[in-house]
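Look at the fold below.

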Amino acid sequence: MRWAIIDTSVYIDYWERGLHDAALADVRKTFIIRQSSVVLSELRRGARAKAAQHLVQTLFGLARIQWAPTEADWWRAGLLIRDLADVRRGDAHKRMAFQNDVLIALTARRHRATIVTANRSDFELLGRELAISILTV
């Protein structure tokens, strides 16, 4: 069986708008899902309402295995963000937001995992750059 990391965008779409139910069912049948510490942090940072905080806390509690970026991932991320943001003409704010996507992608690459995302543009670019599998929902 193959590994997958579900991106923040998918969790938010699912929890807030009820999207991607069928796609997530297929993902659960096809992959072993591992949680990214970066995704969990993004979710926690954005959870303002008590219900959202409870969802994030529950997911964190279920995530017995979390994959985190290594020191080498952080080092490589700086170069990728600089070079890819220059190509995309991103401003400083977009570069900072893009950093988490790069860290998720580098973590997935190290574990040979597929990234499941609703953020097509950023992750397809990273998929090409890092030769990793991206599944958009």
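## Helices and sheet

The model is a predicted one. H6 covers residues 92–111 and H7 covers residues 120–130. They pack at an angle of about 45 degrees, and their axes are 10 Å apart. Their crossing is right-handed.

Which residues of H6 and H7 make the contact? From H6 come Phe98, Asp101, Val102, Ile104, Ala105, Leu106 and Arg109. From H7 come Asp122, Phe123, Leu125, Leu126 and Leu130. By class, this contact has nine nonpolar, no polar and three charged residues.

H6 also packs with H3. Here the axes come within 9 Å and cross at roughly 150 degrees. An angle over 145 degrees counts as roughly antiparallel, so H3 and H6 are roughly antiparallel to each other. On the H3 side the contact involves Val38, Val39, Glu42 and Arg45. On the H6 side it involves Asn100, Leu103 and Ile104. These residues divide into four nonpolar, one polar and two charged.

Now the sheet. It is open, has five strands, and runs in the order E3-E2-E1-E4-E5 with parallel pairing. Strands E3 (66–67) and E5 (134–136) stand at the edges. Each has a single partner strand, so one side of each is left without a neighbour in the sheet. Helix H3 (residues 37–46) packs on this sheet and touches E1, E2 and E3. The direction of H3 makes about 60 degrees with that of E2.

How are the strands joined? In general, strands of a sheet pair through backbone hydrogen bonds.

| Strand pair | Bridges | Direction |
|---|---|---|
| E1 and E2 | four | parallel |
| E1 and E4 | three | parallel |
| E4 and E5 | three | parallel |

Single residues show the pairing. Ala4 stands opposite Ile33 in E2. Ile5 has Ile115 in E4 as its bridge partner. Val116 has Leu135 in E5 as its bridge partner.

Are the residues of strand E4 (residues 114–117) buried or exposed? Both faces of E4 are covered. Thr114 and Val116 lie on one side, Ile115 and Thr117 on the other, and all are buried.

Technical notes
Residues numbered from 1 in each chain as written. Predicted model: local features only at pLDDT ≥ 70, side-chain atom pairs only at ≥ 80, totals over all residues. Heavy atoms only, no water. Pairing = 2+ DSSP bridges. Helix = DSSP H or I, 4+ residues; strand = E, 2+ residues; numbered from the N terminus. Contact = heavy atoms within 4.5 Å. Axes fitted to C-alpha atoms, helices over the stretch in contact; angles between N-to-C directions. Left-handed = near helix turned anticlockwise from the far one by under 90°. Nonpolar A, V, L, I, M, F, W, Y, C, P; charged D, E, K, R; others polar. Parallel < 35°, antiparallel > 145°, perpendicular 65-115°, else oblique. Buried < 20%, exposed > 50% of the residue type's maximum accessible area, 1.4 Å probe, protein only.
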